[in-house]
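Here is a friendly briefing to read alongside the structure.

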Amino acid sequence: MSQQVLISAQDLKKYFPVKGFLGGKTKYLKAVDGVTLDIMKGETFGLVGESGCGKSTLGRTLIRMYDVTGGKLSYQGKDITNAKPSEMKEFRNKMQIIFQDPYSALNPFWNVEEILSEPLAQIGMGAGERKERIEYLLNKVGMKPDDMLKFPYEFSGGQRQRIGIARALSVNPEFVMCDEPIAALDVSIQAQVVNMLEDLQHEMGLTYLFAAHDLSMVRYISTRIGVMYLGNLVEVAKSDNLYDRPLHPYTQALLSAIPIADPRAAKKRKRIKLQGELPSPMDVPQGCRFAPRCPYATEQCKTQRPELRELESGHFVACHCAEKFAD
Ligand SMILES: Nc1ncnc2c1ncn2[C@@H]1O[C@H](COP(=O)(O)OP(=O)(O)O)[C@@H](O)[C@H]1O
Ligand code: SF4
Ligand SMILES: [Mg+2]
């Protein structure tokens, strides 16, 4: 794998304004609050964390579906933090998204041909060429040319997701935000869709950001994994390192919930039970955001926010006490 940075985020922030009641002060929901991250060309960067921790918002901000509240964002070295829609034109097709819920992501009144034609027409492709391209795309995602005339409701969830994938790939992107693309699918077909995404990645030279709240699957498809908690990345490591040597108590807690087949490995593993609820991103705790739920929290943790630091080569963690967990 080449080590070229495709997307770079520095201290990236995305806040959503929330109006106060009866003309009260506007507050901010800090969905992404200071994420620093380089995504390398050709890799699959897995993004894990509980529902509501900011995975979708981070992915959508990285592809500039959302405006950036703060920090810096660049694509292949070009600063796109504040790029206007006209300036984003050259990047639009390069960055695509596959949504979690394929049904709500597809226009129910359009047939597959119309759904897939739209992005192609936008890049100026003529009708004849479009038809050929749509046949090619349907074939790529394991569907038949006849499916072109059918409507979303005529398909199963898995097939709908295949259409969503075909649409994302129609304009030859370089980077695809896969936003929990299998979470809404039947367990029996999840592996098929993941395998297909992997095949397409190799064939088309794609870079993925793959968000998931289920840790067991991302291990096998990700080059590296980032663990998110309340709008922050708390740990980033190569996939195997993260599973074999989780250094952040939150990662340890997430992994504790996954059964291990090997009894020796299971015995060695620290078990941490997650206490309490995810706090509101409207009211984030001072200091370490995980402190209210962390069994190791100290006085320092409650007041001083831990920075993401490289504790071992390529293994980053945001915890004051991570050294203690490294032995
Ligand atoms: N468009 C939006 N407007 C306001 N709040 C939002 C919006 N999108 C997400 N949020 C809030 O931001 C936080 C992070 O959400 P999200 O990025 O969807 O997390 P995840 O994908 O990890 O489940 C949540 O508290 C969510 O309610
Ligand atoms: S910094 Fe403190 S509270 Fe936060 S995860 Fe580490 S030990 Fe727990
Ligand atoms: Mg999400």
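In this predicted model, 2 bridges join strand β4 (residues 70-75) to β5, and the two run antiparallel. Strands are DSSP runs of E with at least two residues, and helices are runs of H or I with at least four, numbered from the N terminus; two strands pair if DSSP finds at least two bridges between them.

Residues are numbered from 1 along each chain as its sequence is written, chains are lettered from A and ligands numbered from 1 in the order written. Local features need pLDDT of at least 70 and side-chain atom pairs 80 or more, totals for chains, interfaces and linings use all residues, and side-chain values use heavy atoms, without hydrogens and water.

**The sheet**
- β4 and β5 belong to an open sheet of 4 strands, in the order β2-β1-β4-β5 with antiparallel pairing.
- β2 (27-40) and β5 (78-79) each have a single partner strand, so one side of each has no neighbour in the sheet.
- β1 and β4 are paired antiparallel over 5 bridges.
- S74 is the bridge partner of S8, and D79 in β5 is the bridge partner of S74.
- The hairpin of β4 and β5 has 2 residues between the strands, and Q76 takes a positive phi near 45° there.

**The helix**
- Helix α1 (residues 55-62) lies across β1 (5-18), β2 and β4, at about 120° to β1 (axes are lines fitted to C-alpha atoms, for helices over the stretch in contact, with angles from 0 to 180 degrees between N-to-C directions; contact means heavy atoms within 4.5 Å).

**Ligand 2**
- C288, C294, C301, C319 and H320 come nearest among the 13 residues around ligand 2 (a heavy atom within 4 Å).
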